[in-house]
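Q: I have just opened this one and would like a short tour. Can we start with the terms?

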Amino acid sequence: MPKIPFWIFIVLAIIQLSAVRVDIMDIDASQYAEISREMAETGSYLELYDRGNEYLDKPPFLFWISAIGIKVLGVTNIGYKLPSILFAFFAIYATYRLGRLLYGEAAGRMGALIFGTCQAMFLMTNDIRTDTVLMSWTIVAIWLLKEWDVHRKLKYLLLGFGAIAFGMMSKGPIALMMPVFCFGGDWLMKREWKKFFEWRYILGILFAALLLLPMSIGLYTQFDMHPEKMVNGTTGLSGLRFFYWSQSFGRITGESPWNNGAGLDFLYQNMLWSFLPWIFLFSAALVINIAKLFKQKFRALPGQEWMTTIGFVMAYLALGSSKYQLPHYIFVAFPLAAIMTAALIKDFTEGKYKQLYKISIGVQWFIAIGLIVGVALIMFYVFPASGGMNIFLLACLMLCGFIIFNKKVQPKVFWVGAVTIMYANIFLTNHFYYKLMDYQLGNQMADYLHQENIPTDDVIHYRMVDPLNSFHYYAEAAISADSTQITSGKYVLTQDEGLAALTDKGYDFDIVKQGGCFRTSELTGPFLNPNTREETLQDYYFLKIK
């Protein structure tokens with residue numbers, strides 16, 4: 001099986017780093033950016049606030065690293081995004097190391113590149129959320145614990161449990177459950193009962209508990225000591241119970257009020273786009289491995305590993321049982337899916353599954369052509385590009401063709417997908433997302449305030465439909481929504497309903513700026529169609545009260 005050259009990872013890193021050019025997207029990413037900015041400004045690292053309000057939702061690790069980035073690099077795109085992008089690189093490296101342990105050097109590299117080039121990874125380096133860091137710490141924990149399983153060195157055990165703790169500080173107990181699913185399933189298939197009862201686990205648990213202590217203290221002092229606080233519309237909340245139980249397991253038991261009616265098939269439906277261009281190969285690998293499980297009566301044969309397959313299946317069932325699901329919930333298991341896919345391609349190169357290989361080649365070409373056509377639609381129709389960008393597009397397409405059709409570049413079933421998805425995301429990031437941000441109100445209005453030197457203390461937002469999270473971040477202040485402050489000389493950002501209300505109340509004002517905006521995280525066909533785009537925009541008005 002040919003080794004993936006190192007230079008392709010350098011190209012991938014450059015594409016993903018280019019995401020720092022794109023403004024932070026509403027709704028979640030910009031909210032997390034604003035929480036991080038406030039943390040950097042106030043120095044409150046254990047008690048979390050969102051525009052001055054008590055915040056009890058996500059754990060603090062993303063906010064910690066982003067606050068450090070903002071401290072060093074300023075209230076900028078790179079200040080918020082770079083730390084998480086570096087963690088994405090860490091996840092790719094850990095996937096390589098785990099894949100190498102399980103299937104050898106070549107498969108490890110291929111698994112890492114499959115993971116690094118799935119569409120979810122490009123999305124996560126553009127739209128930074130807690131999942132990027134969670135995914136990184138989780139696969140790092142699994143890799144380090146596998147190193148301990150193989151080499152029995154205590155440092156790997158302690159570092160693995162440390163990674164679990166940091167994963168829990170990123171998005172909760174799923175960071176603990178993922179290694180449990182992987183190793184529990186693998187040891188069960190191998191009947192390695194003694195590994196379930198190692199006394200050294202106590203050392204790892206104590207080390208993880210020590211690392212979790214600062215966050216737990218912050219939750220206790222902010223919420224458990226103050227049951228009178230109104231948080232998320234209710235009082236008497238325990239921050240510790242919310243974090244360690246309600247926010248995760250409570251969505252399965254029904255204790256959590258969150259429920260969007262998503263079924264068990266929801267996550268796989270979204271994998272059809274988020275694990276492109278590898279979804280067909282992964283699905284084939286999953287079916288083959290599950291069939292083996294039944295054929296072997298759930299008993300591993302010598303030389304087999306089951307941590308990736310059982311780890312993925314158990315994670316999917318757990319996450320898919322939640323009453324509330326979003327597409328990115330399954331991303332934490334994508335490193336395992338990537339290694340499974342690489343193992344199947346390794347089998348292809350060894351002459352196995354010849355008929356499936358022929359079908360896979362056709363499917364990969366179909367996906368590749370679809371990606372190329374999709375990029376052409378974006379560049380020539382959705383957001384028409386300039387002449388220079390189109391020349392660059394053509395040059396990149398010619399380079400892709402040279403790599404794909406070079407007989408020395410093997411296996412084709414891998415390179416067809418890898419090259420075209422990287423090609424597509426050069427232009428998704430540096431053209432599509434970049435142009436899309438022109439329609440996001442928050443960043444555009446913050447730029448206007450800076451250009452016109454308008455003090456943020458003089459600005460109020462009133463009856464806004466747009467979420468405006470990015471407005472606070474880029475304005476470098478929590479913009480007030482207190483309508484009692486609307487007095488002479490103040491500026492008001494509002495939309496149609498607010499404009500009508502101010503008029504009815506008898507306010508006299510000048511419209512300083514107006515335009516149209518769109519919720520960029522909720523793309524629709526009419527918005528993407530330039531002929532109907534104007535009809536989808538929401539009007540906004542920036543007023544100066546006389």
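A: Two strands pair if DSSP finds at least two bridges between them. Helices (H or I, at least four residues) and strands (E, at least two) are DSSP runs, numbered from the N terminus. This is a predicted model, where local features need pLDDT of at least 70, side-chain atom pairs count only at pLDDT 80 or more, and totals for chains, interfaces and linings use all residues. Residues are numbered from 1 along each chain as its sequence is written, and side-chain values use heavy atoms, with hydrogens and water left out.

Q: How many bridges join E3 to E4, and which way do the strands run?
A: Four bridges join strand E3 to strand E4 (residues 491-495), and the two run parallel. His461 stands opposite Leu493 in E4.

Q: Are the faces of E3 covered or open?
A: Both faces of E3 (residues 459-462) are covered. Val459 and His461 on one side are buried, as are Ile460 and Tyr462 on the other. Buried means under 20% relative accessible area, exposed over 50%, partly exposed in between (1.4 Å probe, protein chains only).

Q: Switching to H7, how many of its residues are buried?
A: Of its 22 residues, 20 are buried, so H7 is largely enclosed by the rest of the structure.

Q: And what does H7 reach from its first C-alpha to its last?
A: H7 (residues 130-151) reaches 32 Å, close to the 32 Å expected at 1.5 Å a residue. The expected span is 1.5 Å times one less than the number of residues.

Q: What follows H7?
A: Arg152 follows H7, and its phi is positive, near 60 degrees.
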